[in-house]
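Dear colleague,

Please find below the structure that I am passing on to you. A short account of the findings follows it.

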Amino acid sequence: MKPRVLIVDDEDTIRKQLKSRLERDGHEVTIATQADEAEKAFSSGGPIGCVVTDLKMPGKDGFALTKWVRETHPSARVIVITGHGEKDAAVQALRCGASDYLEKPFDLEEFSHSVSRCLREAQLERENRDLVGRLEARVERLEGKSEDKLWYVSKSPSMAKVNEWLTILRREAMRGEATEPAVLITGESGTGKEGVARMIHAGSRRGKSPWVAVNCANFSEQLLESELFGHEKGAFTGATSTKRGLFEVARGGTLFLDEIAEMDVKLQAKLLRVLQEKSFRRVGGVSDIEADVRVVAATNADLESKVFDASFRADLYHRLNGVMVTVPPLRERTGDVMSMAVQFAERAFRSRGKTFSGFSPEAEEAMSHYGWPGNVRELLNVVERAALVCDSSGPLTPENLSISQQTRSGGNGRGSHLSVIDGGADGASFMKMKKKWLSSFEREYIASTLNRYGGNV
């Protein structure tokens, strides 16, 4: 059902004039003479996508109606009609949530364009909300993918800037802009950069189109070039058939380039040309192929330093950095640890046919004081390992989580080494104590590094 346009004005002539124009444009129109009547119109008939209202009316004025519409029907857009010279009133209306204003006397062509744009924005917002709902359901179904499991919408103050950028990018997509900016996501390994990238894709106008991800560190220069752009049969040894590249596979959608800092400088030049020219050639090919793809890149490296030492092209850096989103490490989001741990644990226990009985107070304290060098990915691995080895008989303990006494204390790592040294009080020799200390340090260092990289040797 097509969204309706609701015209609210106490002047009969204006109502008829605006209604006639919108009906000629193919819109379904409902009219009301005052705010109370307009509010009742939302409860009958089809959805209302746009409200056109005068500011000065008997009873509730247009400001009150605008606030009511934005609070109760946030996907609907409001256009206010102001008198000549009422700039202050127009500004106030925009602050109340209006999307646009028209000053009397206004041009009907301008009015028609404003209504069409507002209806398009309202439709995009509804589609975006439905899409996010479907994607959330898909994430629940695809529990085997760690990158989906890392998707968590944080309410931590340190994540406020990330959430702000997600909102801005989604709002720009709803405006129906022809192009969407490239996004560069930075942050330590395991912070959930791919999860943020997926949310950007889901909230964009490309959300219904393919999502394609590639880790640039997994390929040599030649193999990554073939992976991105494809190759023609016989282009190089082993190219026994034509292969489509990821720029073709992701046509109309989003291509996520993870660990972009690991890309060879020569290939960086080719990627830059694709981003500038919006076209590419397969390896060994002679014809150009359109690159209708939005690129979102991520890295845990300091790209500015790499630009300075010439290991990363400055022009590519600026091309990718249309918007930079920095995901903070988990140690700066301590308020998220337990809520994420519960979410991960419920999912992990459920997938194994077990019942999650919560965390013991000691486990919560240990997890809150741990530094989580491997960030969200480490937290996920710790919880999943606990779900694998534990039954459903009781809450998870620090021992179930394999968090050492050293990390529970929240210290700087010196406690266990000092205890080893203190063990020399029984008269053990210097060399014996040194060997014991080095053994302890090596064990802890290897365990910490494995945790940081999620057990990936």
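In what order do the five strands of the open sheet stand, and is their pairing parallel or antiparallel? Please note that the model is a predicted one. The order is β2-β1-β3-β4-β5, and the strands pair in parallel. The edges are taken by β2 (29-32) and β5 (100-103); each has a single partner strand, so one side of each lacks a neighbour in the sheet. From one strand to the next, the twist averages 20°.

Within the sheet, strand β1 (residues 4-8) and strand β3 (residues 48-54) run parallel and are joined by five bridges. Leu6 has Val51 of β3 standing opposite.

Two helices may be described together with the sheet. Helix α1 (residues 12-24) packs on the sheet and touches β1, β2, β3 and β4 (77-82). The direction of helix α1 makes about 170° with that of β2. Helix α4 (residues 87-96) lies across β4 and β5, and runs at about 160° to β5.

Leu271 counts as buried because its relative accessibility is 0%, where the cut-off for buried is under 20%. Leaving aside residues up to four places away in sequence, Leu271 touches Phe229, Phe247, Leu257, Ile260, Met263 and Leu316. Leu228 is 43 residues from Leu271 in sequence, while their C-alpha atoms are 9.0 Å apart in space.

With kind regards

Key. Residues are numbered from 1 along each chain as its sequence is written. This is a predicted model: local features need pLDDT of at least 70, side-chain atom pairs count only at pLDDT 80 or more; totals for chains, interfaces and linings use all residues. Side-chain values use heavy atoms; hydrogens and water are left out. Buried means under 20% relative accessible area, exposed over 50%, partly exposed in between (1.4 Å probe, protein chains only). Contact means heavy atoms within 4.5 Å. Two strands pair if DSSP finds at least two bridges between them. Helices (H or I, at least four residues) and strands (E, at least two) are DSSP runs, numbered from the N terminus. Axes are lines fitted to C-alpha atoms, for helices over the stretch in contact, and angles run from 0 to 180 degrees between N-to-C directions.
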